[in-house]
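Hello,

Here is the structure I promised to pass on. Please have a look, then read my notes below.

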Amino acid sequence: QVRLEESGGGSVQSGGSLRLSCAASGYISSSFCMGWFRQAPGKEREGVASIGSVGTITYAASVKGRFTISKDNDRKVLYLQMNNLKTEDSAMYYCAADFRKFRGGNWYCPSPLGYWGQGTQVTVSS
């Protein structure tokens with residue numbers, strides 16, 4: 001069983017910074033697929049940043065250059081450093097993870113990821 005717990009959300013003014021953490025417990029390996037997602041009221045959930053099956057990092061275009069995803073494999077913690085926050089970044093942020101899969105000679109991450117945290121709220125005011 002895999003359990004994910006987010007922390008670090010809060011309220012900041014536009015231009016401020018926050019660092020989200022996602023503590024993982026259970027059977028977690030360094031090759032786990034992990035990512036951050038967010039959902040604002042009335043909007044669909046969207047991917048923010050992810051670390052893929054072979055360590056590839058991807059960002060949503062809206063956060064590229066402002067957000068940084070990283071992972072501490074020893075402590076089993078996923079981070080999201082968010083700088084220069086904008087009001088449109090306000091949302092509930094979720095951490096997600098899953099075992100990578102192997103097919104056709106390639107590793108890949110399942111979509112959607114199978115394990116999710118409860119979320120942490122980020123509110124950015126102007």
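Two strands count as paired here if DSSP finds at least two bridges between them. Strands themselves are DSSP runs of E, at least two residues long, numbered from the N terminus. Please keep in mind that this is a predicted model.

Strand pairing comes first. L20 stands opposite L80 in β8. The strands β3 and β8 run antiparallel, with 6 bridges in their pairing. Strand β3 covers residues 18-26, and it also pairs with strand β1, residues 2-7. That pairing is antiparallel too, over 6 bridges. Within it, E6 faces C22 of β3. As a general point, side chains in a regular strand alternate between the two faces of the sheet.

Next, a loop residue. S90 sits in the loop that links β8 (77-82) to β9 (91-98).

Last, the surface. V54, F102 and W107 make up a nonpolar patch there. Together they have about 340 Å² of accessible area. W107 belongs to strand β11, residues 106-108. Is W107 buried, exposed or partly exposed? W107 counts as partly exposed because its relative accessibility is 39%, and that class lies between under 20% for buried and over 50% for exposed.

Best wishes

Methods. Residues are numbered from 1 along each chain as its sequence is written. This is a predicted model: local features need pLDDT of at least 70, side-chain atom pairs count only at pLDDT 80 or more; totals for chains, interfaces and linings use all residues. Side-chain values use heavy atoms; hydrogens and water are left out. Patches are made of residues with over 30% relative accessible area and no salt bridge: like charges are joined within 9 Å, nonpolar side chains (Val, Leu, Ile, Met, Phe, Trp, Tyr) within 5 Å. Accessible areas come from the Shrake-Rupley method with a 1.4 Å probe; for residues, only the protein chains shown count as cover. A salt bridge is a side-chain nitrogen of Lys or Arg within 4 Å of a carboxyl oxygen of Asp or Glu. Helices (H or I, at least four residues) and strands (E, at least two) are DSSP runs, numbered from the N terminus. Buried means under 20% relative accessible area, exposed over 50%, partly exposed in between (1.4 Å probe, protein chains only).
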